[in-house]
Amino acid sequence: EFIRQIIRQMPPVNEALYRQFVEADTDGSLSLEFPEVKALFAQRNVQITVATMRQKFDEVDLDGDESLDFSEFERLDELFRQDRSEERRVGKECRSR
């Protein structure tokens, strides 16, 4: 518990992402439950099915507590960035043929 408190006091590397995390944390728990993540990604206009989002959420929820701390949330954000990058790459390949 002491280590968690120290980590929570450390400034995050990605300030903009951390601000989004804190704003989405409607209950002030310093973690995001699935409905909070779903609402945040809807605000960000991420086009994804609920089932796919749930699968990715579960994939990054390393401790299995049904919520994401900031480091888990960073990983989720990175997964979505990778997916969007891959979609753009495939789209460019299709257009160039």
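Apart from its neighbours within four places in sequence, Ser31 makes contact (heavy atoms within 4.5 Å) with Phe21, Asp25, Glu36, Ser67, Leu68 and Asp69. The structure is a predicted model, in which local features need pLDDT of at least 70 and side-chain atom pairs count only at pLDDT 80 or more, whereas totals for chains, interfaces and linings use all residues. Residues are numbered from 1 along each chain as its sequence is written, and side-chain values use heavy atoms, with hydrogens and water left out. Ser31 is placed in the loop between α2 (15-24) and β1 (32-33), where helices (H or I, at least four residues) and strands (E, at least two) are DSSP runs numbered from the N terminus. With a relative accessible area of 12%, Ser31 is buried, a term that denotes under 20% relative accessible area, as against over 50% for exposed and the range in between for partly exposed (1.4 Å probe, protein chains only).

Over the whole structure, a search finds seven aromatic pairs; rings of Phe, Tyr and Trp (its six-membered ring) pair if their centres lie within 6.5 Å, and planes under 30 degrees apart count as stacked, over 60 as edge-to-face and the rest as tilted. One of these pairs is formed by Phe21 and Phe73, which are tilted, with 5.6 Å from centre to centre and 45° between the planes. Since Phe21 belongs to helix α2 and Phe73 to helix α5 (residues 70-95), this pair ties together parts that are 52 residues apart in sequence. Phe21 is buried at a relative accessible area of 1%, and Phe73 likewise counts as buried, at 0%. A tilted pair is also formed by Phe41 and Phe80, with 4.6 Å between the centres and 40° between the planes; Phe41 lies in helix α3 (residues 34-43) and Phe80 in helix α5, so that the pair ties together parts 39 residues apart in sequence. Both Phe41 and Phe80 are buried. Through ring pairs, Tyr18, Phe21, Phe41, Phe70, Phe73 and Phe80 are linked into a cluster.

In helix α4 (residues 50-60), the buried residues include Met53, Lys56, Phe57 and Val60. Viewed down the axis of α4, its buried residues fall within an arc of 105° (taken from the directions from the helix axis to the C-beta atoms), so they line one face of the helix. The charged end of Lys56 sits over the ring of Phe80, 5.9 Å from its centre, the criterion being that NZ of Lys or CZ of Arg is within 6 Å of the ring centre and within 35 degrees of the ring normal. Arg54 lies over the face of Phe34, at 4.8 Å from the ring centre.
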